[in-house]
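Here is a short briefing on one protein model and its ligand. Please read it with the structure open beside you.

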Amino acid sequence: MTLRYDLHCHSTYSDGLLEPAEVVRRAGVRGVDVLALTDHDETSGLAEARSAARDAGVRLIDGAELSVSWRDITLHVVALGIDPDCVDLCEGLEAIRHGRAHRAQRMGEELAQAGIAGAYAGAMKFVTHERLISRTHFARYLVDAGHARDTREVFRRFLVRGKPGYVAHQWATLAQAIGWIHAAGGQAVLAHPGRYNVDGKIRELLAEFRDTGGDAIEVLSSSHTPAQYTEFARYARVFGMLASSGSDFHGPGESWADLGDMPRLPAGVTPVWKDW
Ligand code: AMP
Ligand code: MN
Ligand code: MN
Ligand code: MN
């Protein structure tokens, strides 16, 4: 029997809409056998997920999604199979979250200058875990306040480069993020590589990710088209990296895909779970 894997999703401990236990139960109902909870820069939802996983018959992989700056863009690196108590990792994530809090205040100021007052306080009302504020919380507030119809529209009109509310930010370096993940005994996966605006330099990014110690590419992601599944499967083979798969589920009605929705990995790639 082949198992169904979903190795990328979010809970209320970052910008997801469901509690960790609800995420795990939903995954179980939807036929996921192995689930990684990968909250942005945060691992404290894993304990709650773990106790729910036993009852739901789901194997839980301890994960996180780390925010990284590479050249002038932001990358996401999914960590799989980490020890959430690893001191290096905990301190690294703490530093990234500190940067998030600071960026959020500046985002509020930028939006105020664009005529949208009170956005920081508004976004805070949508925050579900006091340690973690993301652009998603601002997006939910902007929809609620009538500035956009849905969060997708927000990410076209606000909060992105060149638009109101955008704040350039320095996250962790790639070497730091991969170092913390490896210190915690985990694997480093380049999340949704099809989403980065790298201006034809995707091969440079993949080579540098691999040479810095990166283990896998997220071949299957709800951010990818079927053509990109094929493209990144080929890159995984060419660059000698493992292949991962994840829905990047954030909540019912707000995500491109639900838990367990990804198809099987394309033939010819080595799954990131081959030694699990
Ligand atoms: P942050 O890490 O705070 O910069 O926020 C990034 C998050 O914003 C992502 O993890 C997504 O949840 C969300 N996001 C980014 N772009 C979009 C988009 N185009 N549509 C919907 N959500 C998005
Ligand atoms: Mn998110
Ligand atoms: Mn991401
Ligand atoms: Mn994600």
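A polar side-chain atom of Arg103 comes to 2.5 Å from an oxygen atom of ligand 1. That is a polar contact, a pair of N or O atoms within 3.5 Å; within protein, one must be able to donate a hydrogen and the other to accept it, and residues adjacent in sequence count only if both atoms are side-chain atoms. The model is predicted: local features need pLDDT of at least 70, side-chain atom pairs count only at pLDDT 80 or more, and totals for chains, interfaces and linings use all residues. Residues are numbered from 1 along each chain as its sequence is written, chains are lettered from A and ligands numbered from 1 in the order in which they are written, and side-chain values use heavy atoms, with hydrogens and water left out.

**Ligand 1 and its site**

- Thr136 also has a polar side-chain atom by the ligand, 3.3 Å from an oxygen atom of ligand 1.
- For Arg100, the distance from a side-chain N or O atom to an oxygen atom of ligand 1 is 2.8 Å.
- On its own, ligand 1 has 500 Å² of accessible area, and the protein covers 82% of it. Areas come from the Shrake-Rupley method with a 1.4 Å probe; for residues, only the protein chains shown count as cover.
- Residues around ligand 1 (a heavy atom within 4 Å) include Asp15, His40, Ser134, Arg135, Arg152, Phe155 and His250.
- Three helices each supply at least two residues of this shell: helix 3 (87-113), helix 5 (135-144) and helix 6 (151-157). Helices are DSSP runs of H or I with at least four residues, strands are runs of E with at least two, and both are numbered from the N terminus.

**Arg100**

- Arg100 is found in helix 3.
- Its relative accessible area is 4%, so Arg100 is buried. Buried means under 20%, exposed over 50%, and partly exposed in between (1.4 Å probe, protein chains only).
- The side chains of Arg100 and Asp41 make a polar contact of 2.9 Å.
- Beyond four places in sequence, Arg100 has contacts (heavy atoms within 4.5 Å) with residues including His40, Ser67, Ser134, His169 and Trp171.

**Helix 5**

- Ser134 caps the N-terminal end of helix 5, with a side-chain oxygen 2.9 Å from the backbone nitrogen of Thr136.
- Gly146 follows helix 5 and has a positive phi, near 90°.

**Helix 8**

- Buried residues in helix 8 (residues 202-211) include Ile202, Leu205 and Phe209.
- Packing partners of the buried residues of helix 8 include strand 3 (59-70), helix 7 (174-183), strand 6 and helix 9 (226-238).

**Ser221**

- Ser221 belongs to strand 6 (residues 216-221).
- Ser221 counts as buried because its relative accessibility is 0%.
- The side chain of Ser221 reaches the backbone nitrogen of Ser223 at 3.0 Å.
- Not counting residues up to four places away in sequence, Ser221 touches His192, Tyr229, Gly246 and Met262.

**Gly165**

- Gly165 sits in the loop between helix 6 and helix 7.
- With 2% relative accessibility, Gly165 counts as buried.
- Met107, Glu110, Leu111 and Leu159 touch Gly165, leaving out residues up to four places away in sequence.
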